[in-house]
Amino acid sequence: MKVLLINGSPRSHGNTYIALSETAKTLNAEGIETEIIHIGNKPVRGCMACNTCKRTNSNKCVFDDDICNHLSEKAKEADAFVIGSPTYYGQPNGALMAVLQRALYSGNQYFAFKPVANIAICRRGGATATFQTMNMPFHMLNMPIVSSQYWNIAYGREEGEVQQDREGMQTMRTMARNMAWMLKNLSGKVHPKLEDWEPMHFIR
Ligand SMILES: Cc1cc2nc3c(=O)[nH]c(=O)nc-3n(C[C@H](O)[C@H](O)[C@H](O)COP(=O)(O)O)c2cc1C
């Protein structure tokens with residue numbers, strides 16, 4: 001079993017990375033393989049709603065010049081996900097969300113029914129809003145959301161400071177153990193069959 005951890009901070013070894021590493025270490029102790037990937041600092045595109053991914057059933061985004069399709073390829077092999085973001089103006093990092101929205105839309109079958117947890121890091125405030133925002137797409141993809149003893153948030157400003165948030169680090173470890181428990185219990189189980197989608201909008 002393998003968990004893919006996505007670092008949505010432009011700082012490759014900042015506080016988000018440290019919280020993800022604490023999670024990965026705990027998962028490893030539970031016998032679960034991990035890989036941390038970094039969203040990076042290169043420009044990323046937003047979804048342009050062209051629907052080419054749906055029309056062609058490619059499971060790929062037409063924009064092949066950033067990390068999006070690489071992320072989907074990694075997702076294909078993963079059994080679960082942990083996604084971390086710094087809090088920017090009370091929201092997740094915009095680049096992370098731009099990539100995630102495209103990867104989830106184009107490669108949704110690589111994510112569906114796989115457990116997921118989010119982590120939000122902040123200096124002082126807005127982490128709960130970030131955490132809630134990051135959870136929104138997973139409810140639409142039949143992804144079991146892994147909880148902890150508290151929301152998965154931790155505090156720090158300069159790189160490394162988050163390590164001093166002992167309760168925050170404990171929350172990450174508890175979430176990781178809950179994820180391991182869920183993964184072990186779900187292993188080999190068939191997920192429920194989906195009904196045909198009844199798409200409706202509310203114009204009339
Ligand atoms: C553009 C920007 C906006 C930020 N907005 C907030 C905020 O709304 N609330 C907060 O507590 N911290 C805010 N911060 C601080 C970061 O969330 C904090 O430094 C965090 O530890 C960064 O995580 P990282 O080391 O993984 O990049 C902001 C930082 C930046 C660069």
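Predicted model: local features only at pLDDT ≥ 70, side-chain atom pairs only at ≥ 80, totals over all residues.
## Helix H1

Residues are numbered from 1 along each chain as its sequence is written, and side-chain values use heavy atoms, with hydrogens and water left out.

The buried residues of H1 are Asn15, Thr16, Ile18, Ala19, Leu20, Glu22, Thr23, Ala24, Thr26 and Leu27, where buried means under 20% relative accessible area, exposed over 50% and partly exposed in between, with a 1.4 Å probe and protein chains only. The elements covering these buried residues include E1, E2, E3, E5 and H6, contact being defined as heavy atoms within 4.5 Å. Just after H1, Gly31 has a positive phi of about 85 degrees.

## Helix H6

Helix H6 covers residues 166-186, and its 21 residues should span 30 Å at 1.5 Å a residue, in agreement with the 30 Å that separates its end C-alpha atoms. Gly168, Met169, Thr171, Met172, Thr174, Met175, Ala176, Met179, Ala180 and Leu183 are its buried residues, and their cover includes strand E1 (2-7), helix H1 (15-29), strand E3 (80-88), strand E5 (116-122) and strand E6 (153-155). Gly188, which follows H6, has a positive phi, near 80 degrees.

Arg166, which is placed in H6, is exposed with a relative accessible area of 69%, and its C-alpha atom is separated by 8.8 Å from that of Ala154, 12 residues apart along the chain. Thr171, also in H6, counts as buried at 1% relative accessibility; leaving aside neighbours within four places in sequence, Thr171 is in contact with Ser148, Gln149, Tyr150, Trp151 and Asn152.

## Helix packing

Two packed helices are described by the angle between their axes and the distance between the axes. For H1 and H6, the axes come within 8 Å and cross at roughly 40 degrees; the axes are lines fitted to C-alpha atoms, for helices over the stretch in contact, and angles run from 0 to 180 degrees between N-to-C directions. H1 and H6 are therefore oblique to each other, given that angles under 35 degrees count as roughly parallel, over 145 as roughly antiparallel, 65 to 115 as roughly perpendicular and the rest as oblique. Their crossing is right-handed, the term used if the near helix is turned clockwise from the far one by less than a right angle, with left-handed used if anticlockwise. On the H1 side, Ile18, Ala19, Glu22, Thr23, Thr26 and Leu27 meet Met169, Met172, Arg173, Met175, Ala176, Arg177, Met179 and Ala180 of H6. By class, this contact has nine nonpolar, two polar and three charged residues, where Ala, Val, Leu, Ile, Met, Phe, Trp, Tyr, Cys and Pro count as nonpolar, Asp, Glu, Lys and Arg as charged, and the others, Gly among them, as polar.

Helix H3 (residues 68-77) packs with helix H4 (residues 94-106) at an angle of about 55 degrees, the axes being 9 Å apart, and H3 and H4 are therefore oblique to each other. H3 passes H4 in a right-handed crossing, in which Cys68, Leu71 and Ser72 of H3 meet Val99, Arg102 and Ala103 of H4. The contact of H3 with H4 has, by class, four nonpolar, one polar and one charged residues.

Lys54, found in helix H2, is partly exposed with a relative accessible area of 33%. Lys54 and Ser106 are 52 residues apart in sequence, with 6.9 Å between them in space, C-alpha to C-alpha. Not counting residues up to four places away in sequence, Lys54 touches Tyr105 and Asn108.

Most residues other than glycine have a negative phi. Asn51, although not a glycine, has a positive phi of about 65 degrees; Asn51 is placed in the loop between strand E2 (33-38) and helix H2 (52-56) and is partly exposed, with a relative accessible area of 30%. Asn142, likewise not a glycine, has a positive phi of about 55 degrees; Asn142 is placed in the loop between helix H5 (127-139) and E6, and counts as partly exposed at 37% relative accessibility.

Terms used. Helix = DSSP H or I, 4+ residues; strand = E, 2+ residues; numbered from the N terminus. Expected span 1.5 Å × (residues − 1).
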